[in-house]
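This report describes how the chains of one model are built and how they meet. Please keep the sequence and the structure at hand while reading.

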Amino acid sequence: MVKLDSIYIAGYGGYVPRYRIKASEIARVWGRDTVDLPVEEKAVAGVDEDTVTMAVEAARIALKRAEIHPSRIGAVHVGTESKPYAVKPCGTIVAEAIGATPKVTAADFEFACKAGTEALQFVCSLVGAGRIEYGLAIGSDTAQGRPGDALEYTAASGAAAYIIGRDKNNSLAEIEAWASYVTDTPDFWRREYERYPHHTARFTGDPAYFHHIVNSVKRIMDEDGYNLNDIDYVVFHQPNVRFPMVVARLLGIDLEKIKLGLITGFVGNTYAACSLLGLVRILDYAKPDQRILLASFGSGAGSDSYILRVLDGIEHKRNLAPTLDKFIERKTYIDYALYARNRRKIYM
Amino acid sequence: MSRVYVAGVGLTKVDEHWKTSLEQLVTEASLKALDDAGLESVDAIYVGSMLSEILQEQGHLGAVLAEELGLSGIPAMSVEAATASGAASIYVGAREIESGRAKAVLVAGVDKMSDGMAEEVTSALMVGEKQEYTGFIGATFYSLNALIYSLYMKRYDVSQEKIALFPVLCHEHSVGVEHAQYPFKIKLETVMNSPYIAEPLRRFETTAIADGAAALILVGEEFASKLKSPKTELVIEAATDYVTPFQREDPLWFPALQLATTKALERAKISRNEVGIIEIFDATSIMAVISLESSGFASRGEAWRLLENGELSLSGSLPCNTFGGLKARGHPAGATGVYQVAELHLQLTNRAKKNQVDRAITGMAQTLGGLASTAFVTILKKVM
Amino acid sequence: MFRIKVPRFWRYREFRYRLSAWKCIHCGEVHFFKPLVCRRCRYREFSEVTLPYTGKLLAYTIVRSPPAGFEEYAPYIIGLIELEDGTRIVSQLADVDPEELKIGMKMEATFKRIREDGVDKIIAYGYKFRPAIQ
């Protein structure tokens with residue numbers, strides 16, 4: 001039983017970079033059939049963007065909604081698998097850029113695609129323990145797939161940020177519960193000094209993605225006494241469009257409930273930001289008293305589930321900053337050549 | 001206070017001098033100036049250079065030049081004021097003559113840009129700007145010019161074709177000039193069809209990588225009467241302004257140039273109408289236009305009329321950049337201010353050959369550091 | 001000078017990261033870097049202010065011949081922006097193609113990579129401005 005007490009979301013923000021590449025364009029370059037591509041298109045960071053810059057963008061939006069002075073933020077935790085530095089934290093740069101320094105703790109988290117929800121757990125814990133007044137948790141990634149690999153169609157860029165506090169009067173949702181489910185399952189990894197990750201193709205499905213999400217959702221439902229009927233929206237980690245739909249079916253969840261948060265078809269898989277970014281979209285539309293279930297997945301492998309209840313504050317707060325759709329609609333298509341240049345696949 | 005006279009000049013051709021070093025260039029110009037004046041030695045040497053410490057990693061040019069000239073022993077040092085470094089060396093030398101502490105001074109300007117790659121030179125030219133601000137974000141000297149250019153065209157509703165006449169004028173004047181980097185004519189359409197360096201600024205409205213050195217011998221009254229070489233009388237004034245033009249009240253105005261011009265005219269006891277030749281600092285076409293206005297030779301937004309009416313050509317009422325200016329004679333950064341004054345001296349001593357402007361008895365040279373953060377105005381008068 | 005010197009860019013990170021600046025208490029002149037004396041009125045006291053993150057575009061150009069260290073980013077746009085408090089700031093413009101720009105359009109501060117050092121690989125971050133997302 002990990003029922004939480006008085007942990008609230010004071011602000012949230014999502015960021016998607018401006019550039020898009022169509023999956024069909026990637027297929028063209030590698031001579032693949034365009035039938036049954038995993039996504040329609042994916043978001044690509046600009047040449048002057050990385051995990052840190054996108055994290056700052058998302059954090060600034062969250063700050064606008066949180067309506068607090070950044071010095072009240074006591075923790076900045078960034079979950080990512082695409083750190084600009086192998087050694088040197090993203091968290092310090094983000095904290096400095098938003099003006100949260102110096103009375104703040106900062107750290108980076110890595111757990112493949114669930115690093116963001118993992119960062120959120122730690123921030124919730126610090127807030128819950130009364131160690132900090134507000135905390136900032138971010139999932140941000142400029143994910144890279146090996147050129148020509150199946151992952152190249154989906155590996156995208158984006159960031160989502162959440163400011164957590166204990167003041168119900170300054171909040172838009174309550175985090176009611178979380179549960180994790182972790183085993184040692186090597187479905188996807190990247191060793192030191194390697195540019196691109198390795199994965200185990202179909203092994204990433206049943207024993208990895210499906211097994212962990214199903215069990216973390218079952219755990220949160222069972223241990224915290226929730227019923228699927230209590231839930232209005234569901235967002236899963238979304239490596240492609242199909243997996244979340246399959247896992248919803250496995251759990252007996254109505255597809256209508258996952259539709260709003262299922263953005264991977266036009267944003268791509270933003271890795272550590274992925275499920276958190278889907279949640280941003282849901283919060284952009286949700287009404288007070290609705291319940292949201294989120295289940296992330298991180299290769300290696302594990303899943304974190306959260307149950308949120310939307311509060312009255314949402315109506316006021318969501319209008320304080322641009323919604324995710326503003327960023328999704330802001331798009332410029334690039335071809336593979338420009339994509340390769342932007343993402344430094346061309347060695348100079 | 002002693003009057004100051006130019007008693008000798010020396011120039012190297014502005015070019016890409018692949019086989020010649022920075023030291024050799026400045027030594028060549030200095031020797032020519034000494035020879036022109038008929039002098040063996042001087043009391044002090046001042047060298048202006050903007051880029052030598054960056055591109056050649058050579059500082060200490062005073063001692064270096066003194067040694068090259070076989071004059072080690074005399075005081076020598078370098079003076080720096082970005083693209084106005086050469087004029088700064090004249091300023092310091094002239095002040096020393098005026099004070100009476102020196103009878104003869106060698107002032108030189110030198111830069112050798114071809115030793116740097118294009119990107120390095122672009123970076124190096126930003127030392128005259130605020131590195132921590134505009135330099136940090138990747139702005140270039142030309143991009144800052146381009147912003148000013150856009151604002152200018154919008155405010156005064158002047159088309160680029162009018163402003164782009166300036167480089168055409170410069171090239172007209174450089175034809176046949178031995179020391180000019182580009183001694184040939186160009187058409188307005190050549191300027192307008194040249195590629196953008198930074199919109200709206202086109203390549204032919206800017207200057208190129210150039211190597212060159214120029215030197216003057218400045219002497220006081222006592223020496224002037226003894227030397228046989230042709231002489232002119234020199235007055236120089238200077239002023240400064242905020243380093244970044246956009247922090248100034250009006251980025252389309254060069255207050256430092258306005259101030260230095262007023263001061264120089266007052267000290268020379270002449271009015272603008274009496275200026276017979278003018279050397280404008282056309283690092284870009286837009287800087288030339290704003291300079292003409294800020295120094296009071298044209299009203300705001302109207303400098304293009306001088307170009308269109310032909311008043312700035314050799315036969316016009318105010319012959320301008322009579323050897324091609326920065327655009328066509330060439331702009332070896334820290335050397336340019338000395339070239340400008342040396343050229344006025346050649347004019348006023350009737351040694352300008354086919355570019356000789358008749359009847360001129362007074363000339364003005366304007367030398368700017370950066371986007372007019374520093375302005376030097378030199379006035380030369382014919383010695384009757 | 002073509003390298004990124006860490007102490008130099010670290011020293012001014014507050015301005016570059018979040019437009020933290022210094023305002024003269026006497027005449028209101030805004031200084032991006034902490035001065036000892038106001039350049040305008042010579043007063044010696046300043047208050048720390050955060051400049052507005054939004055403003056309008058006054059002029060822009062495209063850097064086609066970049067300085068050393070910026071080669072991989074060129075061509076890029078340099079703009080002049082008047083912030084809502086009247087402060088003028090020169091900035092790179094991000095997330096926009098030149099054709100989309102209009103003089104007078106609303107811009108907002110964003111946080112981007114400025115460049116990285118070619119040898120040490122240290123990354124310099126700072127502000128750029130983009131068309132405001134309303």
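A residue is called buried here if 20 or more other C-beta atoms lie within 10 Å of its own, exposed if 12 or fewer do, and partly exposed in between. The model is a predicted one.

**Two residues, two surroundings**

A:Ala179 is a residue of strand E8 of chain A. Because A:Ala179 has 22 C-beta neighbours inside 10 Å, this residue counts as buried. A:Ala179 and A:Glu194 are separated by 15 residues in sequence, and their C-alpha atoms are 32 Å apart in space.

B:Glu119 belongs to helix H5 of chain B, which covers residues 118–124. With 18 other C-beta atoms within 10 Å, B:Glu119 is partly exposed. Leaving aside residues up to four places away in sequence, B:Glu119 touches C:Pro66, C:Pro67, C:Ala68 and C:Glu71.

**Helix H5 of chain A**

Helix H5 of chain A runs over residues 205–224 and has 20 residues. From its first C-alpha to its last, this helix reaches 27 Å, close to the 28 Å expected at 1.5 Å a residue. H5(A) has a bend of about 35° at A:His211, and A:His211 is also one of the buried residues of this helix. Other buried residues of H5(A) include A:Ala208, A:Tyr209, A:Ile213, A:Val217 and A:Met221.

What do the buried residues of H5(A) pack against? In chain A they meet strand E8 (173–185), strand E11 (233–236), helix H6 (242–251), strand E12 (291–295) and strand E13 (300–310). After H5(A) comes A:Gly225, whose phi is positive, near 70°.

**A sheet of three strands in chain A**

Chain A holds an open sheet of three strands in the order E3-E2-E14, with mixed pairing. Strand E3 (41–44) and strand E14 (332–333) of chain A are at the edges; each has a single partner strand, so one side of each is left without a neighbour in the sheet. Strand E2 (residues 19–22) of chain A pairs with E3(A) in the antiparallel sense over four bridges. Within this sheet, A:Tyr19 stands opposite A:Val44 in E3(A). Helix H1 (residues 23–30) of chain A packs on the sheet and touches E2 and E3 of chain A. The direction of H1 makes about 55° with that of E2(A).

**Strand E2 of chain B**

Strand E2 of chain B spans residues 44–48, and five of its five residues are buried, so this strand is largely enclosed by the rest of the structure. B:Ala44, B:Tyr46 and B:Gly48 point one way from E2(B), while B:Ile45 and B:Val47 point the other way.

**Chain C as a whole**

Chain C contains two helices and eight strands. Along the sequence they follow the pattern α-α-β-β-β-β-β-β-β-β. The C-alpha trace of chain C spans about 45 × 35 × 25 Å along its principal axes. Chain C has 134 residues, of which 38% count as buried. Among contacts in chain C with a separation of 6 or more, 48% are accounted for by residues 24 or more positions apart.

**How the chains meet**

Which chains share the most contacts? Of the two pairs of chains in contact, this pair is B and C. Their contact brings together 29 residues of chain C and 27 residues of chain B. On the side of chain C that touches chain B, strand E4 (54–63), strand E5 (76–83), strand E6 (88–93) and strand E7 (106–116) of chain C are the elements that give two or more residues. E4(C) gives the most to this side, with five residues. The residues of this side of chain C divide into 19 nonpolar, five polar and five charged.

The contact between chains A and C takes 19 residues from chain A and 14 residues from chain C. On the side of chain A that touches chain C, helix H2 (51–66) and helix H3 (90–98) of chain A each supply at least two residues. H2(A) gives the most to this side, with four residues. Eight nonpolar, three polar and eight charged residues make up this side of chain A.

Chain A and chain B do not touch, and their nearest C-alpha atoms are 12 Å apart.

Definitions and conventions
Residues are numbered from 1 along each chain as its sequence is written. Chains are lettered from A and ligands numbered from 1 in the order in which they are written. This is a predicted model: local features need pLDDT of at least 70, side-chain atom pairs count only at pLDDT 80 or more; totals for chains, interfaces and linings use all residues. The expected span of a helix is 1.5 Å times one less than its number of residues. The bend at a residue is the angle between axes fitted to the seven residues ending there and the seven starting there. Two residues are in contact if their C-beta atoms, placed from the backbone, lie within 7 Å. Ala, Val, Leu, Ile, Met, Phe, Trp, Tyr, Cys and Pro count as nonpolar, Asp, Glu, Lys and Arg as charged, and the others, Gly among them, as polar. Two strands pair if DSSP finds at least two bridges between them. Axes are lines fitted to C-alpha atoms, for helices over the stretch in contact, and angles run from 0 to 180 degrees between N-to-C directions.
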